[in-house]
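Welcome to my notebook. I opened a new structure today and wrote down what I looked up, entry by entry.

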Amino acid sequence: MRIKHTVRLPADLSVRLADYAARKKVPQALIVETALASFLSPDGPERLEAALARRLDRMTRQLERMERRVTISNESLAVFVRFWLTSTSPLPDGALAAAQSKGRERYEGFVEAVGRRLARGTTLDDEVRRDISAGSG
């Protein structure tokens with residue numbers, strides 16, 4: 001048995017209800033009934049909390065993956081810089097201009113290579129995982 005109720009809604013809420021019902025192609029009464037049942041449900045807060053917990057867990061995992069990738073990047077850069085600084089000998093003054101020119105050329109090549117790599121979607125993280133898997137398999 002269904003009992004008829006009459007309610008008054010603020011104009012903006014009424015417009016939003018009508019728009020939503022039209023988009024979903026369902027009666028406005030069904031939307032109001034579903035919303036009211038959800039609001040009055042005793043387990044409503046628990047369901048909301050569970051949904052929030054799932055979302056927070058997913059966000060936490062995403063942040064942990066991002067932190068791992070940043071750590072790998074930082075360590076890779078630190079190892080490279082340490083190696084470069086300890087293995088590169090100073091240049092004589094006469095060779096400095098040619099070395100700077102060659103350095104600019106190499107840097108442009110480096111930027112192009114990074115651009116190609118990013119366009120392919122290849123990441124250092126992927127390579128490290130592949131190398132570790134290949135080494136242990």
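**Entry 1: a salt bridge to start with**

I began with Arg-2, which forms a salt bridge with Glu-33, their closest N and O atoms lying 2.6 Å apart. For this term I used a side-chain nitrogen of Lys or Arg within 4 Å of a carboxyl oxygen of Asp or Glu. The pair links distant parts of the chain, as Arg-2 sits in the segment before helix H1 (11–24) and Glu-33 in helix H2, 31 residues apart. I noted that Arg-2 counts as exposed because its relative accessibility is 68%, while Glu-33 is partly exposed at 38%. My cut-offs were under 20% relative accessible area for buried, over 50% for exposed and partly exposed in between, with a 1.4 Å probe and protein chains only.

**Entry 2: what I am looking at**

I reminded myself that this is a predicted model, where local features need pLDDT of at least 70, side-chain atom pairs count only at pLDDT 80 or more, and totals for chains, interfaces and linings use all residues. Residues are numbered from 1 along each chain as its sequence is written, and side-chain values use heavy atoms, with hydrogens and water left out.

**Entry 3: the other salt bridges**

How many salt bridges does a search of the whole structure find? I got four. One of them joins Arg-47 to Asp-43, with the closest N and O atoms 3.9 Å apart. Arg-47 is partly exposed at 45% relative accessibility, and Asp-43 is partly exposed at 37%. Glu-105 forms a salt bridge with Lys-102, and here the closest N and O atoms are 3.2 Å apart. Both residues lie in helix H4, three residues apart, about one turn of the helix. I found Glu-105 partly exposed at 47% and Lys-102 partly exposed at 38%.

**Entry 4: the overall build**

I counted five helices and zero strands, taking helices as DSSP runs of H or I with at least four residues and strands as runs of E with at least two, numbered from the N terminus. The radius of gyration is 30 Å, well over the 14 Å that the globule rule gives for 137 residues, so the protein is more spread out than a compact globule. That radius is taken over C-alpha atoms, and the rule is 2.2 Å times the number of residues to the power 0.38. Along the principal axes, the C-alpha atoms fill a box of roughly 95 × 40 × 25 Å. Buried residues make up 6% of the 137.

**Entry 5: the second largest pocket**

A pocket here is an open set of points on a 1 Å grid over the protein atoms alone, where a 1.4 Å probe fits, with protein on both sides within 12 Å along at least five of seven lines; lining residues have an atom within 4 Å of a point. Helix H2 (residues 28–40) gives the largest share of this lining, five residues.

**Entry 6: the largest pocket**

The largest pocket holds about 600 Å³ of space. Of its 15 lining residues, the closest to the centre are Ser-76, Phe-110, Val-114, Arg-117 and Leu-124. Which element gives the largest share of the lining? I found that H3 does, with seven residues.

Definitions and conventions:
Points joined across faces, edges and corners; volume = space filled by probe spheres on them.
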